[in-house]
Amino acid sequence: MSDKQATKPPALALLGPTASGKTGAALALAEHLPIEIISVDSALVYRDMDIGTAKPTHDELARCPHHLIDIISPEQSWSAAAFRSAALTLMDDITARGRIPLLVGGTMLYFKALRDGLSDLPRADAALRGKIDEDAAREGWPAMHARLAQLDPDAAARLEPTDAQRIQRALEIVLLTGLPVAENYARLEPKGLCHRLVMLGLAPSDRGVLHKRIEARLEQMFAAGFVGEVESLRARYQLSPDMPSMRCVGYRQVWSYLEGEDDFATMRFKAIVATRQLAKRQLTWQRQFRENWPELTELDCLDPRLTDRLLAAVAEHGKG
């Protein structure tokens, strides 16, 4: 670690796939360290989307200060740029209070934007987007995903075949620049961080156990009234299925169920599959982070002594 890096105040980051126990681990750390939590989750920003996002409970939120939760309407959108700007301000504020920022979540693009900055991506091209939308209307988004896989296999591997917005943007970037999405993101803005990141990644030693956790958590969501939550959102807000909030895993499947496109059993199965796919993509991101970010320490989320391991990692890598 350089002398300049060592003098920066620390900020902890805890990342991992869905159902890996990030909330519990973060709250366990809060019992030992003077932290404030900054959510790194593209779904937790939405108000009234509580059950399907596995949002921390009122009791959990009361145990430690939390930020970037319940800040926008489901009718609005949130971005990596908006996250980075808000997170940097919060990190400075938390440090000024004599506490330690702990960034927690599974939206890996946000972690990358925070650490590496934002690249100078091409602006939206209305004509090209219109052509992509026309092709998608004729061929379907899975076909557009296959087209992206031919042009940029790595970008396609991170996206679901039905993720229309992100497939459209990835195709747009590749077609406009002639470069893979990752190479575009490599052209970064020069602004660096004022904090020294201590990054902790959770990953399962047994993927099957994670899958069981995913299924059990979805069952708890349905028992807690997940379908009713989506019904209430549709009644309260002016929503459509192509809005970012309703494209969140689980919400997309329940929307189709409420539209009569699937029966409950089919919807439940699709939600489980989609959540497993999300976890797989998150772990792919995390593997790439591990290979390129020397400050990332990966720990087994199934380890019964996980809290002790996390505290030891913080003590070892958080030294100034």
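Me: Which residues do ring pairs link into a cluster?

Reply: This is a predicted model, in which local features need pLDDT of at least 70 and side-chain atom pairs count only at pLDDT 80 or more, while totals for chains, interfaces and linings use all residues. Residues are numbered from 1 along each chain as its sequence is written, and side-chain values use heavy atoms, with hydrogens and water left out. Rings of Phe, Tyr and Trp (its six-membered ring) pair if their centres lie within 6.5 Å, and planes under 30 degrees apart count as stacked, over 60 as edge-to-face and the rest as tilted. The cluster that such pairs build consists of Phe222, Phe226, Tyr251, Tyr257 and Phe264.

Me: How many aromatic pairs does the structure hold, and what kind of pair do phenylalanine 222 and phenylalanine 264 make?

Reply: The structure holds 7 aromatic pairs. Phenylalanine 222 and phenylalanine 264 have ring centres 5.3 Å apart and planes at 65°, so this pair is edge-to-face. Because phenylalanine 222 lies in helix α11 (residues 207–223) and phenylalanine 264 in helix α14 (residues 264–292), the pair ties together parts 42 residues apart in sequence; helices (H or I, at least four residues) and strands (E, at least two) are DSSP runs, numbered from the N terminus. The answers are therefore 7 aromatic pairs and edge-to-face.

Me: Is phenylalanine 222 buried or exposed?

Reply: Buried means under 20% relative accessible area, exposed over 50%, and partly exposed in between (1.4 Å probe, protein chains only). Phenylalanine 264, at 35%, counts as partly exposed. Phenylalanine 222 has a relative accessible area of 14%, so the word for phenylalanine 222 is buried.

Me: What kind of pair do phenylalanine 289 and tryptophan 293 form?

Reply: Phenylalanine 289 and tryptophan 293 are both buried. Their ring centres lie 3.9 Å apart and their planes stand at 5°, so the pair is stacked.

Me: Which residue lies over the face of tryptophan 285?

Reply: A charge sits over a ring if NZ of Lys or CZ of Arg is within 6 Å of the ring centre and within 35 degrees of the ring normal. Arginine 234 lies in this way over tryptophan 255, at 4.5 Å from the ring centre. For tryptophan 285 the distance from the ring centre is 4.1 Å, and the residue is arginine 158.

Me: How many salt bridges does the count come to?

Reply: A salt bridge is a side-chain nitrogen of Lys or Arg within 4 Å of a carboxyl oxygen of Asp or Glu. One of them joins glutamate 172 and arginine 169 at 2.7 Å, N to O, and both residues lie in helix α9 (residues 164–177), 3 residues apart, about one turn of the helix. Others link Lys131, Asp135, Arg138, Glu139 and Arg147 in a network. By the rule above, the count comes to 26 salt bridges.

Me: Which residue in β4 is the bridge partner of leucine 12?

Reply: In strand β4 (residues 100–105), 6 of 6 residues are buried, with Ile100, Leu102 and Val104 pointing one way and Pro101, Leu103 and Gly105 the other. Two strands pair if DSSP finds at least two bridges between them, and β4 is joined to strand β2 (residues 35–39) in parallel by 5 bridges. Strand β1 (residues 10–15) also pairs with β4 in the parallel sense, over 4 bridges. In β4, the bridge partner of leucine 12 is leucine 102.
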